[in-house]
Amino acid sequence: MSSLVVACGGGGGDSDDSWLYPLWVETDVLAADIDGDGRTDVVTLAQLSSSSSRREGRLVVRLQTAPGVFAPAQSYLVGVYPWKMALGDIDGDGAADLVITDVGSPSSTTDRAVWMLRQDASNRGNFLAPQRLGISPTRPYGVVIGDVNGDNAPDIVIADSPATGLGATVLYQDATHRGIFLAPALIALPGEATAVAIGDLNGDGRSDLAFRVWLSQTNFAPNTALAVRYQQAGGVLAPALALSNQTGLNTQLLTIADYNADGVRDVVEFFTPSDTAYQAKVTTLLQSNPPGSFGAVDTSLAGTNGMDGGVLADLNGDGRPDFASVGAYPVGSPSTVYSTLNIFLQDGNGGFTLKTSTAMPLASTRVTAGDINGDGLNDLVVLGGSNQVLVLLQSASVRGTFLVPQSMN
């Protein structure tokens with residue numbers, strides 16, 4: 001496994017912390033066709049601190065105007081500490097919109113928020129000013145967009161409990177007044193939601209919900225479970241089905257996908273440890289066909305570096321999802337920061353096998369996948385140091401391998 005040295009910053013006087021700034025904390029990245037021109041664009045999310053008292057969220061949109069050519073980045077101010085984003089046509093005008101969760105600052109509860117940015121349908125690729133939605137969240141981490149009540153209008157589901165420990169929050173859209181949402185409503189769960197995924201799990205054509213929920217803690221280690229709520233006829237959510245209990249692990253990726261191409265969707269979850277007593281892993285909950293029961297298959301990531309962010313996508317063109325992770329980690333004292341991208345190809349039985357580990361030329365913490373160059377193969381987009389973006393194109397001749405990182409900055 002190769003690694004690249006990235007030097008850490010120096011210090012200053014005892015009370016002088018100016019050397020720290022500007023400081024970026026990258027939180028999310030997606031690759032999708034934003035402006036509807038058939039080319040994949042790149043959107044990133046981060047917090048920028050210019051001093052100890054000045055922090056602001058930055059949404060950056062990079063539109064692809066020709067194969068491999070991107071227009072100058074467009075930057076938007078969004079809240080204080082934007083964490084996750086979801087993309088979907090909320091208002092029905094044919095242009096994809098964004099919903100962003102904002103975990104705010106540690107010293108304030110009033111700046112935690114959920115923001116909606118509508119795309120300007122008359123100026124595609126550009127977003128209108130952020131609109132703060134009518135919710136007062138406590139820990140708004142995960143977010144998804146989808147129709148969860150059967151009225152053909154997408155709703156917003158936030159992995160944040162409207163009251164301590166109760167579950168998650170849904171903002172149902174007013175189907176007769178698109179872009180307008182009803183008062184926040186509770187999705188009851190066995191505990192407080194910390195992550196959420198959406199998809200049709202039982203094949204009935206309706207969007208179901210999967211949540212990682214916090215139940216309790218043992219010696220500061222979280223005890224959690226996966227809670228699934230199936231959407232029934234009339235938009236009613238069935239009682240929660242609890243499975244996949246975990247201890248000492250935090251969810252970094254929760255997604256619904258057909259792992260083994262049997263026509264039935266499965267659940268894949270990427271975990272990182274809460275402390276050194278536990279190990280990172282990927283768990284695949286393979287669903288039976290016909291659907292109704294799940295069997296867990298674990299892939300241990302022990303001993304593999306680069307565990308900050310992950311993505312599930314077809315990374316070798318065989319039509320089945322694989323897994324990639326990226327992360328930065330310190331070594332030694334004084335520390336040197338290394339950063340590694342790992343490619344895991346699925347083994348067909350629910351697990352994943354490490355194929356390559358590659359050094360990144362900057363401290364990278366987030367990764368997504370998408371067809372950047374239009375050749376029908378998924379490429380990788382990595383976000384890291386000082387909000388920089390790297391693109392790794394998949395080799396057309398050697399599937400499952402990726403070319404050297406190219407900077408988009």
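This is a predicted model: local features need pLDDT of at least 70, side-chain atom pairs count only at pLDDT 80 or more; totals for chains, interfaces and linings use all residues.
**Notes on the strands and aromatic pairs**

1. The protein chain has an average pLDDT of 93, and 96% of the residues reach at least 70. Residues 1-13 are where I would be careful: their pLDDT is below 50, although the stretch has 32 contacts in the model beyond near neighbours in sequence.

2. Strand E25 (residues 322-331) pairs with E24 in the antiparallel sense, over five bridges.

3. Now for the rings. Eight aromatic pairs are present in the structure. In one of them, Tyr259 and Phe352, the ring centres are 5.6 Å apart and the planes stand at 85°, so this pair is edge-to-face. Tyr259 sits in the loop between strand E20 (249-257) and strand E21 (266-273), while Phe352 belongs to strand E27 (residues 352-359); the pair therefore ties together parts 93 residues apart in sequence. Both Tyr259 and Phe352 are buried.

4. A second pair, Tyr329 with Tyr338, is stacked, at 6.1 Å centre to centre and 15° between the planes. Are its two members buried or partly exposed? Tyr329 counts as buried because its relative accessibility is 13%, under the 20% cut-off. Tyr338, with a relative accessible area of 22%, is partly exposed.

5. The Tyr259 and Phe352 rings also belong to a cluster: ring pairs link them with Phe270, Phe323 and Phe344.

6. Finally, have a look at the open sheet of four strands, which runs in the order E12-E13-E14-E15 with antiparallel pairing. Strand E12 (143-146) and strand E15 (185-188) form the edges; each has a single partner strand, so one side of each lacks a neighbour in the sheet. From one strand to the next, the twist averages 30°. Strand E14 (residues 167-171) meets E15 through four bridges in the antiparallel sense, and Ala168 has Ile187 of E15 as its bridge partner.

Methods: Residues are numbered from 1 along each chain as its sequence is written. Side-chain values use heavy atoms; hydrogens and water are left out. Rings of Phe, Tyr and Trp (its six-membered ring) pair if their centres lie within 6.5 Å; planes under 30 degrees apart count as stacked, over 60 as edge-to-face and the rest as tilted. Helices (H or I, at least four residues) and strands (E, at least two) are DSSP runs, numbered from the N terminus. Buried means under 20% relative accessible area, exposed over 50%, partly exposed in between (1.4 Å probe, protein chains only). Two strands pair if DSSP finds at least two bridges between them. Axes are lines fitted to C-alpha atoms, for helices over the stretch in contact, and angles run from 0 to 180 degrees between N-to-C directions. pLDDT is the predictor's confidence in each residue, from 0 to 100. Contact means heavy atoms within 4.5 Å.
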